[in-house]
Amino acid sequence: MSARTSLHLAAEIGGPPHYDAGHYLRLARLAEDGALDYVTLGDSFARPGLDALAVLARVAPATDRIGLVPTVTTTHTEPFHVSSAVATLDWVSRGRAGWSADVSTTEAEARLFGRRSAAPPAALWQEAGEVADVSGRLWDSWEDEAEIRDTATGRFIDRDKLHYVDFRGSTFTVKGPAIVPRPPQGRPVTVIDATTGPAREAAARHADVVHIRATTPEQAAAVRDEVRAKAAAHGRDPGALRVLVALTVDLGDMESAPEPGLESGPRLAGRGTYFRGGPVDLADLIAQWHRAGAADGFHLTPITPERDLERIVNGTVALLQHRSLFRTFHPGGTLREHLGLVRPASRYAAARTTAKEV
């Protein structure tokens, strides 16, 4: 299968908070055994628990292929620090990092920081898009050959290959350049949940992977087409956008009959669309929707991670592999390679080359 038609699968490994990194490592390794593209680890300022990005930085050296995508809240967080932290995760994972941008909407969360009051979703997602934009610019601010490491001359960096980003957003400014060298992937993968209108606009402008909610293949295809059309309107290649349907899955009943469609499934907190059934039922649904061209894949959130992720990997994924609908090994070493996404060139290197030619 080509990268454009390949089935992509990812899973959430969060749930009730655990304070043992080994718990998350076991789940990530299980997902890696199933050749999933990536795992996500949800986070917010409204919940107790460990910092998702720090946890996956611990998981990174103990895994080999699985992509690692923590939720990073852009509200109340310094964009320069976001860029540096995600770039660091890409380095310690050897090119397997992504980040799921999210916003903080409540006054209670705003009071944790004491800098400003809560803002409307449209303003928050505009800011989140700007954080994604400036992060990409900071990752590009070191060209790939910027590090010299010439001990004879004492030169570590070619300063001609470091660039100021001089970014001015609606709530912040960043001069740059980055303090972390350009990440192995060039730019770590940006993931955005496009459930709401403001988030959908940010996803169309800045995301590499978009998570959507839908209850029918037709609805999923319509949302995917909308996001891709918006991306094209912003001058992006819509075919380079991966769109995954997000499902919260309960496989506790094993092979009991699933709800008829997803429309009658109960809504869960956290914007999830609910699926209840067995591993075979889930495999059938994924196969049906993917063959219908409804989406590029699925992001699955197990309602009970320790139980359901094992059933996803050893049941659903194994069946999809048996049907030749999903790969049996990772196609490369980086998350971009798993997703069939090219490694982008630094925009500043391209501009400098063009200036020289002129």
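Which residue forms a salt bridge with Asp140, and how far apart are the closest N and O atoms? I looked up the pair and found Arg187, with the closest N and O atoms 2.7 Å apart.

**Ground rules.** I am working with a predicted model, where local features need pLDDT of at least 70 and side-chain atom pairs count only at pLDDT 80 or more, while totals for chains, interfaces and linings use all residues. Residues are numbered from 1 along each chain as its sequence is written, and side-chain values use heavy atoms, with hydrogens and water left out.

**Salt bridges.** I took a salt bridge to be a side-chain nitrogen of Lys or Arg within 4 Å of a carboxyl oxygen of Asp or Glu. My search of the whole structure gave 22 salt bridges. Back to the opening pair: Asp140 sits in helix H5 and Arg187 in the loop between strand S8 (173–174) and strand S9 (189–193), so the bridge ties together parts that are 47 residues apart in sequence. Helices (H or I, at least four residues) and strands (E, at least two) are DSSP runs, numbered from the N terminus.

Next I checked accessibility, with buried meaning under 20% relative accessible area, exposed over 50% and partly exposed in between (1.4 Å probe, protein chains only). Asp140 is buried at 0%, whereas Arg187 is partly exposed at 21%.

I then turned to Arg343, which forms a salt bridge with Asp144, the closest N and O atoms being 2.9 Å apart. Arg343 is in the loop between helix H10 (335–339) and helix H11 (347–357), and Asp144 is in the loop between H5 and strand S5 (147–150), so this pair ties together parts that are 199 residues apart in sequence. Arg343 is partly exposed at 41%, and Asp144 is partly exposed at 42%. Both pairs belong to a network of salt bridges that links Asp140, Asp144, Arg182, Arg187, Arg343 and Arg347.

**Helix H5.** How many of the 20 residues of H5 are buried? I found 15, so the helix is mostly covered. I also checked its length against the expected span, 1.5 Å times one less than the number of residues. H5 should span 28 Å, and its end C-alpha atoms are 29 Å apart, which agrees.

**Nonpolar cores.** A nonpolar core here is a set of buried Ala, Val, Leu, Ile, Met, Phe, Trp, Tyr and Cys residues joined through side-chain atoms within 4.5 Å. The largest has 87 residues, of which Leu9, Trp99, Leu247, Leu282, Phe298 and Leu320 touch the most other members. H5 supplies the largest share of this core, eight residues. Apart from it I noted another core of ten residues, including Tyr38 and Leu335.

**Second largest pocket.** I used a 1 Å grid over the protein atoms alone; a pocket is an open set of points with protein on both sides within 12 Å along at least five of seven lines, a cavity is a set where a 1.4 Å probe fits but cannot get out, and lining residues have an atom within 4 Å of a point. Grid points are joined across faces, edges and corners, and a volume is the space filled by probe spheres set on the points.

The second largest pocket holds about 480 Å³. Among its 19 lining residues, Arg187, His206, Asp208, Arg236 and Arg336 are the closest to the centre. H5 gives the most to this lining, with four residues.

**Cavity.** I found one cavity of 30 Å³ or more. Its lining includes Thr75, His76, Arg116 and Leu124.
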